[in-house]
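Please read this note beside the sequence and the coordinates.

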There are 2 protein chains.
Amino acid sequence: MTRSLPVEPLTREAFAPFGQVIDTDGAERFAINQGTATRFHRLAAVEAGDGGRAILSIFRATARPAPFAISLLERHPLASQAFVPLSDHDWLVVVAERPETAALRCFCAGGRQGVQYAPGVWHHPLLVLVPEQDFLVVDREGPGDSLGDNLEEVVLRTAARIDGHL
Amino acid sequence: MTRSLPVEPLTREAFAPFGQVIDTDGAERFAINQGTATRFHRLAAVEAGDGGRAILSIFRATARPAPFAISLLERHPLASQAFVPLSDHDWLVVVAERPETAALRCFCAGGRQGVQYAPGVWHHPLLVLVPEQDFLVVDREGPGDSLGDNLEEVVLRTAARIDGHL
């Protein structure tokens, strides 16, 4: 049995329980660089955890084979993790307040919208809607990094299918 | 009098005295997300300085009026600052090991190349070659932030003009 998961627009308000939306819309802004640029300030603050520090990586994601069901979630208990698309294509953000199928939420992010997951937020690995899309990723290195103590995974007993996508 | 500044290609080796190049070329990489994505790992490590932490902002840069001369440099002594373009257009990176016209270097970054300036590296504010270009910026907030103790500026006595651009 699979559940059906509606797709919601990605807004700061709707995403607040899970972290920050990284886009210019509604952000605090001020002029810099002799008036030639605008700074959309502090869209997210990185949480690197005890003894950790932020690192910059690029993730190159490829489309999942369709039809695709959501059956796995992961989280990074020690630190935040941010994803910012480097090309302007919509992508999907699946998160959950609890690692249960009934708690899943799916947001459609625009190609100029990134997100930062707060530490410990359950999320699905990258879901892109074009054959290939790159993301700048800001996460943590340090004691218990993304490949060790800072990664937990769960497999859901009931899979979910995203309405109208994948 | 103005000096003429040649434009060099942006490579990790050439940029090493100034910081890191953030691109996938030649980076350490490994498969993640059930084999559907590649992680180009740790292209730069953020240096947030004592008591600081990394924040994510977007800078929207506009083209300078032409002809444009390089006459001002700035640096952030406490922390690194990274710029990653969010649209695929070449842009210019001007840096200097000393705040002197004779020490200026100009690199042409591709639209899929970002840079991170190491703490204290003299650099020119954003120079874009299209009317408008957005960048994800990773820098610091904390005691003495980008607008206070973490910003120094110098005006060069002899301006420089970039060969074939601006």
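**Note on the interface and its surroundings**

1. Across the interface of chain B and chain A, 26 residue pairs are in polar contact, both residues of a pair being at pLDDT 80 or more; a polar contact here is a pair of N or O atoms within 3.5 Å, where within protein one must be able to donate a hydrogen and the other to accept it, and where residues adjacent in sequence count only if both atoms are side-chain atoms. On the side of chain B that touches chain A, the elements giving two or more residues are strands E4 (29-32), E5 (37-45), E6 (53-62), E8 (81-85) and E14 (132-141) of chain B; strands (E, at least two residues) and helices (H or I, at least four) are DSSP runs, numbered from the N terminus. The largest share of that side, 10 residues, comes from E6(B). By class, the side of chain B that touches chain A holds 25 nonpolar, 10 polar and 11 charged residues, where Ala, Val, Leu, Ile, Met, Phe, Trp, Tyr, Cys and Pro count as nonpolar, Asp, Glu, Lys and Arg as charged, and the others, Gly among them, as polar.

2. Please keep in mind that this is a predicted model, in which local features need pLDDT of at least 70 and side-chain atom pairs count only at pLDDT 80 or more, while totals for chains, interfaces and linings use all residues. Residues are numbered from 1 along each chain as its sequence is written, chains are lettered from A and ligands numbered from 1 in the order in which they are written, and side-chain values use heavy atoms, with hydrogens and water left out.

3. How much area do chain B and chain A bury between them? The value is about 4000 Å², with 54% of it on carbon and sulfur atoms; buried area is the accessible area (1.4 Å probe) that two parts lose on being put together, summed over both. In chain B, the residues that lose the most area to chain A are B:Arg39, B:Leu56 and B:Ile58, which together make up 16% of what that side buries. The contact, meaning heavy atoms within 4.5 Å, takes 46 residues from chain A and 46 residues from chain B.

4. Strand pairing also crosses between the chains: strand E5 (residues 37-45) of chain A and E6(B) run antiparallel and are joined by six bridges, where two strands pair if DSSP finds at least two bridges between them. In this arrangement A:Ala37 stands opposite B:Ala61 in E6(B).

5. Between the chains, the side chains of B:Asp134 and A:Arg112 meet in a salt bridge at 3.1 Å, N to O.

6. Within chain B, B:Asp134 also forms a salt bridge with B:Arg60, the closest N and O atoms being 2.8 Å apart. This pair links distant parts of the chain, with B:Asp134 in strand E14 and B:Arg60 in strand E6 of chain B, 74 residues apart. B:Asp134 counts as buried at 5% relative accessibility, whereas B:Arg60 counts as partly exposed at 24%; buried means under 20% relative accessible area, exposed over 50%, and partly exposed in between (1.4 Å probe, protein chains only). In a further group, salt bridges that share partners join A:Arg60, A:Glu132, A:Asp134 and B:Arg112 into one network.

7. B:Arg42 lies in strand E5 of chain B and is partly exposed, with a relative accessible area of 35%. Not counting residues up to four places away in sequence, B:Arg42 touches A:Arg53, A:Ile55, A:Leu56, A:Ser57 and A:Glu141, and with the side chain of A:Glu141 the side chain of B:Arg42 makes a polar contact at 2.7 Å.

8. Is A:Ser80 buried or exposed? At 1% relative accessibility, A:Ser80 counts as buried, and its place is in the loop between strand E7 (69-75) and strand E8 (81-85) of chain A. A polar atom of the A:Ser80 side chain lies 2.9 Å from the backbone nitrogen of A:Glu47. Leaving aside neighbours within four places in sequence, the residues in contact with A:Ser80 include A:Ala45, A:Glu47, A:Tyr117 and A:Asp139.

Terms used:
A salt bridge is a side-chain nitrogen of Lys or Arg within 4 Å of a carboxyl oxygen of Asp or Glu.
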